[in-house]
Amino acid sequence: MKRWFDLKHPTPWHKNPEDDDYIPSGPEWYKKGSFHNKVGMWLMWIFFGIVIVQVLHAFTVVPFFPIPFTILLGLWFIWYVAWRASK
């Protein structure tokens, strides 16, 4: 097996654009702030909102104390680690 230390020679993971099986590495049509981007961001935030509402609803519905307490303890631990790491 050939080792590609010299990047001037062609490599199997860099295909020629004229090849039949060539796939571009990324969409050239994607632009920041485009309609496609705005719709995707709206869908993402709607999804996040639904998840947050479901978690808050679960806290009010689940009568068993240790489950919400454990979740809140885990969230507090995540916050504490992030707070200590930011110092």
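Modeller: The account below begins with the whole chain and then turns to the region requested. The model is predicted, so local features need pLDDT of at least 70 and side-chain atom pairs count only at pLDDT 80 or more, while totals for chains, interfaces and linings use all residues. Residues are numbered from 1 along each chain as its sequence is written, and side-chain values use heavy atoms, with hydrogens and water left out.

The protein has two helices and zero strands (DSSP runs of H or I with at least four residues, or of E with at least two, numbered from the N terminus). Of its 87 residues, 5% count as buried (under 20% relative accessible area; exposed is over 50%, and partly exposed lies in between). The protein exposes about 8,600 Å², and carbon and sulfur atoms supply 72% of that area (Shrake-Rupley method, 1.4 Å probe, with only the protein chains shown as cover for residues).

The region in question is a nonpolar surface patch of about 840 Å², made by F69, L73, W76, F77, W79, Y80, V81 and W83. Members of a patch have over 30% relative accessible area and no salt bridge; nonpolar side chains are joined within 5 Å, like charges within 9 Å. A salt bridge places a Lys or Arg side-chain nitrogen within 4 Å of an Asp or Glu carboxyl oxygen.

W76 lies in helix α2, which covers residues 66-85. With a relative accessibility of 46%, W76 counts as partly exposed. Y80 is also partly exposed, at 31%, and W83 belongs to that class at 36%.

The whole structure holds five aromatic pairs (Phe, Tyr or six-membered Trp rings with centres within 6.5 Å; planes under 30 degrees apart are stacked, over 60 edge-to-face, the rest tilted). Because Y80 and W83 are three residues apart in helix α2, about one helical turn separates them. Ring pairs also link W76, W79, Y80 and W83 into a cluster.

The other helix can be examined through F59, which is found in helix α1 (residues 35-61). F59 is partly exposed, with a relative accessible area of 24%. Beyond its neighbours within four places in sequence, F59 is in contact with P68, I71 and L72 (contact means heavy atoms within 4.5 Å). F59 and L72 are 13 residues apart along the chain, and 9.8 Å separates their C-alpha atoms.

Terms used: Buried < 20%, exposed > 50% of the residue type's maximum accessible area, 1.4 Å probe, protein only.
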